[in-house]
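Subject: Structure handover

Hello,

Please find the structure below, followed by notes on what was found in it.

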Amino acid sequence: MDIAVFSTKPYDRQFLEEANQQAGHRLVFFEPRLTQQTCPLADGFPAVCAFVNDELDAGVLLTLWKHGTRLIAMRCAGFNNVDLRSAGQLGLTITRVPAYSPRAVAEHTVGLILALARKLHKAYNRVREGNFALDGLLGFELNGHTAGVIGTGKIGAIAAQILAGFDCRLLAHDVAENPALQSIGGRYVTLDELFAQSDLITLHCPLVPQTFHLINDEALAKMKQGVMLINTSRGKLIDTEAVVRALKSGKIGSLGLDVYEEEADLFFEDLSNRVIQDDVFARMLTFPNVIITGHQAFFTHRALQAIAEETLANVTAFEQGQAPLGTITAAMVKRP
Ligand code: NAD
């Protein structure tokens, strides 16, 4: 099948081409993000392969459909950028890769937690400059601290399991309880209890209307002074301006982000020779107790291989008239 691949980076091309030696599709790679302006590039392609910051709103889906596209194969797990209702009305099939490597994201999450707890980001720079002083690097041990995990699906449950290995006390909140979490000593509590009791809070729920700005001024007011906040899920779970206020007041003691609500204008590009125009993001970079990575939690060899293979397997199944395993419809999305 002919597939127009958007938001292509060299690593996407490498892993998709390797996987395609088995799958045998015709891949055409486009560097731009998929937007209303760029969707004419996909004219005549029955399949489009898209990524996390591509725009798949009603207008883009209609244009793609009018020009012959019948399948959108997302090469990611999240699908908050796809208007599933419009896709359903048009008869467009949407597929994704639900679980390419939840471990990759969970391990990155714990990496951020450890780096913040022991100030590794500051230590790294100091030692390179010949500064071996320890002042300002005083950290804390994870054991005995309370970790609050919001969203205990595939990634959240593994993050919780790793944190249990550090002897953290585990609190969890989810709209559906996961017995795997309870079996390692996790206790489900209300969101308010989790906010009030956790020393570190990590977000692993999807971005849906109910979770938009889940972390806002009101939520932050309920948290412990000096709480550590981690988000490797989706940027819009956090009201970033509220978080900046909480960093300034000391309410948030440390912040680790792999996602940002306005990341589409920044992430995945080398902007090192440009002036960052986003003042909220630039302000966050000034805090000594903030670590930001640019949506790289998924970025491991194993995950990229699995993403490429499963994305193309979804296309093959569609081409053969079978229901692709990664098919997602509006009706399948849990509305808590
Ligand atoms: P999952 O579907 O296995 O788990 C999500 C969990 O969140 C489920 O248990 C669900 O019941 C729960 N949930 C839904 N609504 C909720 C609510 N209102 N409050 C609390 N919990 C709620 O998904 P996953 O594979 O664990 O992925 C979690 C998120 O991680 C994805 O939505 C995606 O946005 C993000 N992600 C990020 C990266 C990255 O590179 N940073 C990579 C993959 C996934």
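The side chains of Asp199 and Lys224 form a salt bridge, with 2.9 Å from N to O. Asp199 sits in the loop between α8 (191–197) and β9 (200–203), and Lys224 in the loop between α9 (217–221) and β10 (227–231), so this pair ties together parts of the chain that are 25 residues apart in sequence. Asp199 counts as partly exposed at 22% relative accessibility, and Lys224 is also partly exposed, at 32%. Note that this is a predicted model, so every value here is computed from predicted coordinates.

Other salt bridges

The rule gives a count of eight salt bridges. As background, side chains of opposite charge can pair when their charged atoms come close.

Glu17 has a relative accessible area of 39%, which makes it partly exposed. Arg13 is partly exposed as well, at 40% relative accessibility.

Another pairs Arg33 with Glu55, with 3.5 Å between the closest N and O atoms. This pair links distant parts of the chain, 22 residues apart: Arg33 is in the loop between β2 (26–29) and β3 (47–50), and Glu55 is in the loop between β3 and α2 (58–66). Arg33 is partly exposed, with a relative accessible area of 26%. For Glu55 the relative accessibility is 34%, again partly exposed.

Domains and their interface

The chain divides into domain 1, made of 2–100 + 300–332, and domain 2, made of 102–292. Taken over C-alpha atoms, the centres of domain 1 and domain 2 are separated by 30 Å. Domain 1 brings 13 residues to the contact and domain 2 brings nine residues.

The size of an interface is often given as the accessible area lost when the parts come together. Between domain 1 and domain 2 the buried area is about 970 Å², and carbon and sulfur atoms give 56% of it. On the domain 1 side, the residues that lose the most area to domain 2 are Lys9, Asn53 and Asn80, which together make up 43% of what that side buries.

How many salt bridges does the rule find across the interface of domain 1 and domain 2? There is one. Glu269 and Lys9 form a salt bridge, with their closest N and O atoms 3.0 Å apart. Across the interface of domain 1 and domain 2 there are also four residue pairs in polar contact, both residues being at pLDDT 80 or more. On the side of domain 1 that touches domain 2, seven residues are nonpolar, four are polar and two are charged.

Ala115 lies in helix α4 (residues 102–117). Is Ala115 buried or exposed? Its relative accessibility is 13%, so Ala115 counts as buried, the cut-off being under 20%. Leaving aside neighbours within four places in sequence, Ala115 is in contact with Leu120, His121 and Ile291. Ala115 and Asp239 are 124 residues apart in sequence, and their C-alpha atoms are 23 Å apart in space.

Regards

Methods:
Residues numbered from 1 in each chain as written. Predicted model: local features only at pLDDT ≥ 70, side-chain atom pairs only at ≥ 80, totals over all residues. Heavy atoms only, no water. Domains from an automatic or database assignment. Contact = heavy atoms within 4.5 Å. Buried area = accessible area lost by both parts, 1.4 Å probe. Salt bridge = Lys/Arg side-chain N within 4 Å of Asp/Glu carboxyl O. Polar contact = N/O pair within 3.5 Å; in protein donor to acceptor, adjacent residues only side chain to side chain. Nonpolar A, V, L, I, M, F, W, Y, C, P; charged D, E, K, R; others polar. Buried < 20%, exposed > 50% of the residue type's maximum accessible area, 1.4 Å probe, protein only. Helix = DSSP H or I, 4+ residues; strand = E, 2+ residues; numbered from the N terminus.
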